[in-house]
Number of protein chains: 2
Amino acid sequence: MVNIKDIAKRVGMSPSTVSRVVNDKKYVNPKKREQILKLIEETGYVPNQAARNMVLQRSFTVGIILADTFNMFQRQLFSFVERHLGAFGYNTHFFFVKFEGSSEEECLAKLKAEKLDGIIMIHEIQQSSFYESVKNLKLPLVTATFNHPDFPSVHVDEENAAYEAVRHLLNLGHRKIKMISSNGLSCGVQRAEGFLRALETAGIERNVEEQIVFVRQYTAEFGIYGMRELLLRSRDFSAVFAATDELAIGAMRVLKDEGFRIPEDISVVGFDDLDISNYFMPRLTTIHQPLIEIGERTAQALHKYISSGNRVGTDMVLPHKLIIRESTRALTS
Amino acid sequence: MVNIKDIAKRVGMSPSTVSRVVNDKKYVNPKKREQILKLIEETGYVPNQAARNMVLQRSFTVGIILADTFNMFQRQLFSFVERHLGAFGYNTHFFFVKFEGSSEEECLAKLKAEKLDGIIMIHEIQQSSFYESVKNLKLPLVTATFNHPDFPSVHVDEENAAYEAVRHLLNLGHRKIKMISSNGLSCGVQRAEGFLRALETAGIERNVEEQIVFVRQYTAEFGIYGMRELLLRSRDFSAVFAATDELAIGAMRVLKDEGFRIPEDISVVGFDDLDISNYFMPRLTTIHQPLIEIGERTAQALHKYISSGNRVGTDMVLPHKLIIRESTRALTS
DNA sequence: ATGAAAGCGCTAACAT
DNA sequence: ATGTTAGCGCTTTCAT
């Protein structure tokens, strides 16, 4: 594997000069520059990252933390984040946190070992010790799709979005509304709160035990469990609000298998607006999160944070939008 | 940031001893080991990766190449790959290749710069120059879900799997069968070949122009385009074979919107067996790929390749399985 | 405009 | 069992 010394030797110059060319510095004779560039081309020389990182004491890499169970929403989000980060000249390195069972420690060790420039969290870690450690390391961190008081965050107003989703159901005349959520992450709790608040403003008393079922994860599989549990409790309801589209997909599956028609018998509202939701039968009514913007703002926020060295911006709350499709309709009876 | 010298100084020993402890080598006094371990714990010392990589001349990292448009199938696949790789002690680093537009060059440069131990490709790159370069670099490479003559590969028998899927339709009495595929990747071509061969064995003449529509990508969105095109050509068919579940999902959406019932009017078969396919309405009949095994075998193959320094194993063809669900039924006329 | 030399943090060969 | 030393490939003063 050819290195900078080899290049230098072969053109009869010093490594310093080659380094200047490689890094586009000034003060180098145009002819020599040409010559070196040509040889680099020929030999396919690429500077050794590890050596560069070591002397520069940084990696030009940002870590992206996500759950190993990440869904389509997060997949798209980090695609956008990655693209913007790339435009700023950063590499990206992914750290998968197991949804259940702690791998935060391990994650933290890797974070330190790599001399990252910064971190973006797309997956919420609960342990506050994690954030403490990041603060101690003075590592720039931005959270996306959830918020943390100590770091810049980009997300929608979860509670109000959920409130609107339920408001939609209420406006359609529904009164007996159930919810499937999870308390594993803060968004599930906030969405549940929006749900309860909407019911209250409609004069329906808050009764968590009866109105909400909390499942362990946000996947379609757990949507099935949640819906089954709801059905077990009572069949007397006309609408379901799922904390994520995936939960809604599982819930709809159960409803359908139990012989309910959607939306004729039961209306269903989701949250996230996955691509797939518009292909479902029926097409899912849901809350749209502005994915592209979240990705862009997150990358920008981190870049500013890294460049300035100071925490810049704080809570960036982006607008959500209720998308009314085919899974909800007015209560008839 | 504390380094190995700091640790050494503070316990009054040499960096070598600390290094031995960190790397679990023999020949170090148990008491001293304890003492060092304790200080490491206290200070939160983590060895600098870049320095380690440089002296060791390797990174303990394997690169995973995938498309930036990767779907749920690939997402799950690389989760499994990553897990197994982790068990072997490798880090993973992702390289996203844009589905359209070449970023292979860039990818290759990064590959070189990082002194990777090996590469796993989950996304097929067409340019043969890419494989040439990898060979020149003597970088161990294993491909998953597609095959390349020069490297170990783990995949299903695409053509025979497609053959079986179409056979299923034929057995159900269908004769007028269309296919939606893509020629962007070899699997799309192989699956199309299986489709045509199945038709031929049933005495139906091969007529690619009429029987298959090739779209640019394998997504639901392109499933829509493909299905619309098929409908434009003719409405005289009773079954559709989509080269991927995602294409099938788009196709079903169009069919449904056009007033066709699935499977009463039209049967649909997919390929991949995405998680979501079992939640769809109707549940999708499809070809199952043994995801977990593919992931496991791929990781193992690469590990062996890296450890032995020689290409080990060759084409590993894993068993697929036709999963009959609700989207296909016997032709009634 | 260019080169010599130091040093980033670590490991391993060698010496003891 | 432990310490000394060289060197991995690069960038960056500091001379010139």
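Predicted model: local features only at pLDDT ≥ 70, side-chain atom pairs only at ≥ 80, totals over all residues.
Visitor: Which element gives the most to the surface near DNA strand C?
Guide: That is α4(B), with five residues. At least two residues each come from α2 (15-22) and α4 (49-56) of chain A, and from α1 (4-11), α2 (15-22) and α4 (49-56) of chain B. Helices (H or I, at least four residues) and strands (E, at least two) are DSSP runs, numbered from the N terminus.

Visitor: How many nonpolar, polar and charged residues are there in the surface near DNA strand C?
Guide: The surface near DNA strand C has 14 nonpolar, nine polar and three charged residues. Ala, Val, Leu, Ile, Met, Phe, Trp, Tyr, Cys and Pro count as nonpolar, Asp, Glu, Lys and Arg as charged, and the others, Gly among them, as polar.

Visitor: And which residues are the closest to DNA strand D?
Guide: A:Asn3, A:Ile4, A:Ser19, A:Ala51 and B:Asn29 are the closest, and 26 residues surround DNA strand D. Here α4(A) provides the largest share of the surface, five residues. By class, the surface near DNA strand D divides into 14 nonpolar, nine polar and three charged residues.

Visitor: Moving on to the contact between the chains: how many residues does it take from chain A and from chain B?
Guide: Chain A gives 29 residues to the contact and chain B gives 29 residues. On the side of chain A that touches chain B, two or more residues come from each of α4, α5 (72-87), β2 (91-97), α6 (104-113) and α12 (245-257) of chain A. The most come from α4(A), with five residues. That side of chain A has 15 nonpolar, six polar and eight charged residues. Two residues are in contact if their C-beta atoms, placed from the backbone, lie within 7 Å.

Visitor: What is the strand order in the open sheet of chain A?
Guide: The order is β2-β1-β3-β4-β5-β11, six strands with parallel pairing. At the edges are β2 and β11 (315-318) of chain A, each of which pairs on one side only. From one strand to the next, the twist averages 20°. Two strands pair if DSSP finds at least two bridges between them.

Visitor: How many bridges join β5 to β11(A)?
Guide: Four bridges join β5 (residues 153-156) of chain A to β11(A). In this pair, A:Ser153 stands opposite A:Asp315.

Visitor: Which strands does α6(A) lie across?
Guide: α6(A) lies across β1 (61-67), β2 and β3 (118-121) of chain A, and runs at about 160° to β2(A). Axes are lines fitted to C-alpha atoms, for helices over the stretch in contact, and angles run from 0 to 180 degrees between N-to-C directions.

Visitor: Where is A:Phe60?
Guide: A:Phe60 is in the loop between α4 and β1 of chain A. Its phi is near 55°, a positive value in a residue other than glycine. Most residues other than glycine have a negative phi, and most peptide bonds are trans.

Visitor: Why does A:Phe60 count as partly exposed?
Guide: A:Phe60 counts as partly exposed because it has 16 C-beta neighbours inside 10 Å. A residue is buried if 20 or more other C-beta atoms lie within 10 Å of its own, exposed if 12 or fewer, and partly exposed in between, with C-beta atoms placed from the backbone.

Visitor: Is A:Asp273 buried or exposed?
Guide: A:Asp273 is buried, because it has 23 C-beta neighbours inside 10 Å. A:Asp273 lies in the loop between β9 and β10 (286-288) of chain A, and its phi is near 65°.

Visitor: Which peptide bond at A:Pro263 is cis?
Guide: The bond from A:Ile262 to A:Pro263 is cis, with omega near 10°. A:Pro263 is found in the loop between α12 and β9 (267-269) of chain A. In chain B, the bond from B:Met281 to B:Pro282 is cis, with omega near 0°.

Conventions: Residues numbered from 1 in each chain as written. Chains lettered and ligands numbered in written order. Near = placed C-beta within 6 Å.
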